[in-house]
Amino acid sequence: MTDIPWEPPLAGSETEHLLGALDRMRTTFRWKADGLDEAGLSARLGPSTLTLGGLLKHLALVEDYKIATRFFGEPLTGWDDLDPDDEDSEFTSAVNDEPGSLYARYDDAVARCRARLDAALADGGLDQLAAAPLPDGSRFSLRRIVVDLVEEYGRHTGHADLLREAVDGRTGEDPPAGWRPVSGHYAFHG
């Protein structure tokens with residue numbers, strides 16, 4: 001299945017299945033957003049302000065936040081362009097970003113998250129607890145954070161399905177076999 005590197009294992013461990021599901025969702029989302037210009041990345045449906053560009057930027061932020069900040073307890077860096085008074089700033093500010101910078105930001109965030117997640121898994125597996133406690137002292141497990149990432153992608157890949165179909169008619173559950181991005185530098189895991 002070398003022409004379908006995003007396909008999860010048919011029979012693997014819990015970790016392999018969770019990471020496989022996450023990478024399949026990442027790849028499907030990236031395929032839905034791939035190869036668009038400013039108009040395509042800014043297209044909206046009806047009264048919604050949601051765009052594929054906004055989703056690229058939002059999911060890049062989620063990738064950085066969930067592992068670096070939520071799990072490792074590190075401050076979020078590289079996001080100085082967001083308005084701290086606007087909780088939807090990554091969505092709304094994406095219309096001002098060049099397509100190349102949106103794709104690069106997303107692709108780089110996924111690569112950083114994968115590397116950090118691989119390191120965390122090698123250092124203790126899914127059961128280990130986050131470095132940073134919540135205000136009540138409880139801590140997220142790495143398993144919970146990975147499941148949250150899968151859930152986040154599930155929600156937003158559905159949005160991307162609708163937005164991309166409205167832009168140029170692209171539909172489908174998964175990229176076609178052999179797909180490679182035409183924009184940015186997205187790399188498959190493995």
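Mentor: What follows is about the cavities and their linings.
Mentor: This is a predicted model, where local features need pLDDT of at least 70, side-chain atom pairs count only at pLDDT 80 or more, and totals for chains, interfaces and linings use all residues. Residues are numbered from 1 along each chain as its sequence is written, and side-chain values use heavy atoms, with hydrogens and water left out.

Trainee: How many cavities of 30 Å³ or more turn up in the whole structure?
Mentor: Two. A cavity here is a set of points on a 1 Å grid over the protein atoms alone where a 1.4 Å probe fits but cannot get out; lining residues have an atom within 4 Å of a point.

Trainee: What volume does the largest cavity have?
Mentor: About 60 Å³, a volume being the space filled by probe spheres set on the points, which are joined across faces, edges and corners.

Trainee: Which residues line the largest cavity?
Mentor: Among them are Glu-38, Ser-42, Thr-51, Asp-97 and Leu-102. α2 gives the most, three residues. Helices are DSSP runs of H or I, at least four residues, numbered from the N terminus.

Trainee: And the second largest cavity, what lines that?
Mentor: Leu-19, Asp-23, Arg-26, Arg-114, Leu-117, Asp-118 and His-189. The elements giving two or more residues to this lining are α1 (14-33) and α5. The space is about 40 Å³.

Trainee: How does the lining of the second largest cavity split by class?
Mentor: Two nonpolar, one polar and four charged. Asp, Glu, Lys and Arg count as charged, Ala, Val, Leu, Ile, Met, Phe, Trp, Tyr, Cys and Pro as nonpolar, and the others as polar. For the largest cavity, the lining has five nonpolar, four polar and two charged residues.

Definitions and conventions
On a 1 Å grid over the protein atoms alone, a cavity is a set of points where a 1.4 Å probe fits but cannot get out, and a pocket is an open set with protein on both sides within 12 Å along at least five of seven lines; lining residues have an atom within 4 Å of a point.
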